[in-house]
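Here are my notes on the model you sent. Please read them with the structure open.

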Amino acid sequence: MDKKEDHYFNEYSNSSVKFYSVSVSLRRHLYIFKTASGIFSYKKLDLGTKVLIENMFIPKSKQILLDLGCGYGAIGIVLAYESPKSKIYLADINRRALWCAKQNVQFNLPQEKGRIKILFGKDFEPFKNKGIQFDGIYMNPPVRLGRKQFLKLFEDLPHFLKKKGNFQFVLRKKMGSEYVYNYLKEAFSEQQIKIICKRSGYWVFNYIQD
Ligand SMILES: C[S@@+](CC[C@H](N)C(=O)[O-])C[C@H]1O[C@@H](n2cnc3c(N)ncnc32)[C@H](O)[C@@H]1O
């Protein structure tokens, strides 16, 4: 594969692998993530991911939560730590990223393997015909794939997000936050789409399922 094509959202990252370690304090807890070349933001936690993690709403009660497009697992692992009764799913299309996510769950939450599931697949495919509906879905979307593809996810949400469930996601202002906000307000209602915060050039959104 041409190196240029070997982008983080490919299913297989074919370049020779180099491993890295990312240490970061999130919500006043220190995490150490193993990462690998060829996956998203492997040298440093992405600023958008950090803004989402620091500002997302995390339930304390027992819920079912999903980190969609989990990469090496930062969002899902913070969810699992902060919501100790919840069942947490992490999913991605990049197998190398999923391998790192698995290592990171084992390292950061060694007692918690049973309630954390890591799955391979595109969008909601890993959950099709499984009867799973989430109370919360969290995402730093792969915007390079295009806004259209991101917005298409909203068509599937009624199947996978419970009524009153939250879909919290982060977008870079420059990458079209305003467009997405206006589009979603038009497509749904103003009550269903909230901006949780605007920080460091990123907007964190919460879409509430009707
Ligand atoms: C912007 S990165 C975020 C990664 C991780 N959540 C983080 O914050 O560091 C987007 C992730 O989505 C994954 N991805 C891309 N397209 C996807 C799809 N259709 N379904 C599931 N995951 C996808 C990529 O492999 C990548 O890991």
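1. C197 of strand 8 (193–199) stands opposite V204 in strand 9. Strand 8 and strand 9 pair in the antiparallel sense, over 6 bridges. Two strands count as paired if DSSP finds at least two bridges between them. Together they make a hairpin with 2 residues between the strands. In that turn, S200 has a positive phi of about 50°.

2. This is a predicted model; local features need pLDDT of at least 70, side-chain atom pairs count only at pLDDT 80 or more, and totals for chains, interfaces and linings use all residues. Residues are numbered from 1 along each chain as its sequence is written. Helices (H or I, at least four residues) and strands (E, at least two) are DSSP runs, numbered from the N terminus.

3. The open sheet has 7 strands in the order 5-4-3-6-7-9-8, with mixed pairing. Its edges are strand 5 (116–120) and strand 8, each pairing on one side only. Neighbouring strands are turned by 15° against each other on average, direction ignored. Axes here are lines fitted to C-alpha atoms, for helices over the stretch in contact; angles run from 0 to 180 degrees between N-to-C directions.

4. Strand 3 (residues 64–68) and strand 6 (residues 134–139) run parallel and are joined by 3 bridges. D67 has Y138 of strand 6 as its bridge partner.

5. Helix 5 (residues 177–187) lies across strand 7 (161–172), strand 8 and strand 9 (202–208). The helix runs at about 165° to strand 8.

6. How do helix 1 and helix 2 cross? Their axes come within 10 Å and cross at roughly 15°. Helix 1 and helix 2 are therefore roughly parallel (an angle under 35 degrees). T49, L52 and I53 of helix 1 meet A74, I75 and V78 of helix 2. Contact means C-beta atoms, placed from the backbone, within 7 Å. By class, this contact has 5 nonpolar, 1 polar and no charged residues. Ala, Val, Leu, Ile, Met, Phe, Trp, Tyr, Cys and Pro count as nonpolar, Asp, Glu, Lys and Arg as charged, and the others, Gly among them, as polar.

7. Around the ligand there are 21 residues, and T49, G69, G71, N94 and N140 come nearest. A residue belongs here if its C-beta atom, placed from the backbone, lies within 6 Å. Helix 2 (74–82) and strand 4 (87–92) each give two or more residues to this shell. The shell has 11 nonpolar, 6 polar and 4 charged residues.

Key
Contact = placed C-beta atoms within 7 Å. Parallel < 35°, antiparallel > 145°, perpendicular 65-115°, else oblique.
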